[in-house]
Amino acid sequence: MNPLRLLDFSWDTMSAGGLFSGVSLPWMSHLTVANLTLTLSLGLPEQSVLQPAWDYLLQHHQAELRSPLFPVVISVSTYLLLVTLYTLLDLLAPSWPALNSYKLHPDRPVTWDNIWTTLYLTAYNHLVYIFPAAVGQWLWRPPIPLPRDAPTLMSFLLGILGCMVVFDFQFYLWHLLHHRVPWLYRTFHAMHHQYLQPFSLVTQYVSAWELISSGFWTTVDPLLLQCHCLTAWGFMVFTICVSTEDHCGYDFPWSLHRLVPFGLWGGPPKHDAHHRMPGTNFAPFFSHWDWLGGTNMVPTPSKEKYVEEDAVNNLFGRDLYTAPPTSKHLPCDP
């Protein structure tokens, strides 16, 4: 999910009433009152604890922050940093038993062929789609005015949570449709499912339509919720971190699905199961839509081998990391 800013909105309109300036939206006033009430009840200071950091950024890096290129730079650099880290782990894992024990499929190392194939498509998408769009924004959009006040810590966190809830619903429906409708699946989404056991670089091994769709929702949702630009950037970075973790192929003790209680969070094991059983686990963050939609599937524990699947793949002599390019994955439950 690459949060490229695709729409021409300015963040000063958000601080001054936002996208819906002059329109009465009761739910937004309720959010404001709830945020203020929660802040006072917790005894939090009225001035944001983020204000000193925001003042520093405005004083020393305002030109960079105002550039239309900035959201693109932070999203692309965050993604490249994370996949570089995970790829180093993939290369070290076969000779490092302690690390390899955390892999969802410890007997299936990531190969250089896997790395180059996915890296090529990632570079192609960024050069052909992301870079021209970024240059276009830089040439034709004026610098973005920035608000003087930072968001309160509570509004920053609630804003990211609100964007997560909205995006979770949007992407669940988008993802479900691209599996249920055969034409959508074969035309746009099947490319991503060529990898039956994902690793970090599979995160953006996607079609241009999928890349743009994800970026569209990631950009629009903070605008719809009238978030501060700092909150929007935080949400962008967070979505990249989560999507990369979901595809990383590791089940670490500090993974989010182990920290969030009651099985409410998806995480790498569930998304790994989705790549092997494409009719399950469609939501990007939480599990409630999969529960309600009957698509939730709790995967086999990470240390346990998938005996039936291995038997089938050994029968056909197929590398479990990649499916044949001509294979037709079923868009519905297997």
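1. With which residue does Arg-276 form a salt bridge? The partner is Asp-272, and the closest N and O atoms of the two are 3.2 Å apart, a salt bridge being a side-chain nitrogen of Lys or Arg within 4 Å of a carboxyl oxygen of Asp or Glu. Both residues lie in helix α12 (residues 268–276), four residues apart, about one turn of the helix, where helices are DSSP runs of H or I with at least four residues, numbered from the N terminus. Arg-276 and Asp-272 are both buried, that is, under 20% relative accessible area with a 1.4 Å probe and protein chains only, while exposed means over 50% and partly exposed lies in between.

2. This is a predicted model, in which local features need pLDDT of at least 70, side-chain atom pairs count only at pLDDT 80 or more, and totals for chains, interfaces and linings use all residues. Residues are numbered from 1 along each chain as its sequence is written, and side-chain values use heavy atoms, with hydrogens and water left out.

3. The structure holds three salt bridges. One of them joins Asp-90 to Lys-103, with the closest N and O atoms 3.7 Å apart. This pair links distant parts of the chain, Asp-90 being in helix α4 (residues 70–92) and Lys-103 in the loop between α5 (97–100) and α6 (112–140). Asp-90 is buried at 2% relative accessibility, and Lys-103 is buried at 4%.

4. Arg-258 forms a salt bridge with Asp-251, the closest N and O atoms being 2.9 Å apart; Arg-258 is partly exposed at 47% relative accessible area, whereas Asp-251 is buried at 5%.

Conventions
Helices (H or I, at least four residues) and strands (E, at least two) are DSSP runs, numbered from the N terminus.
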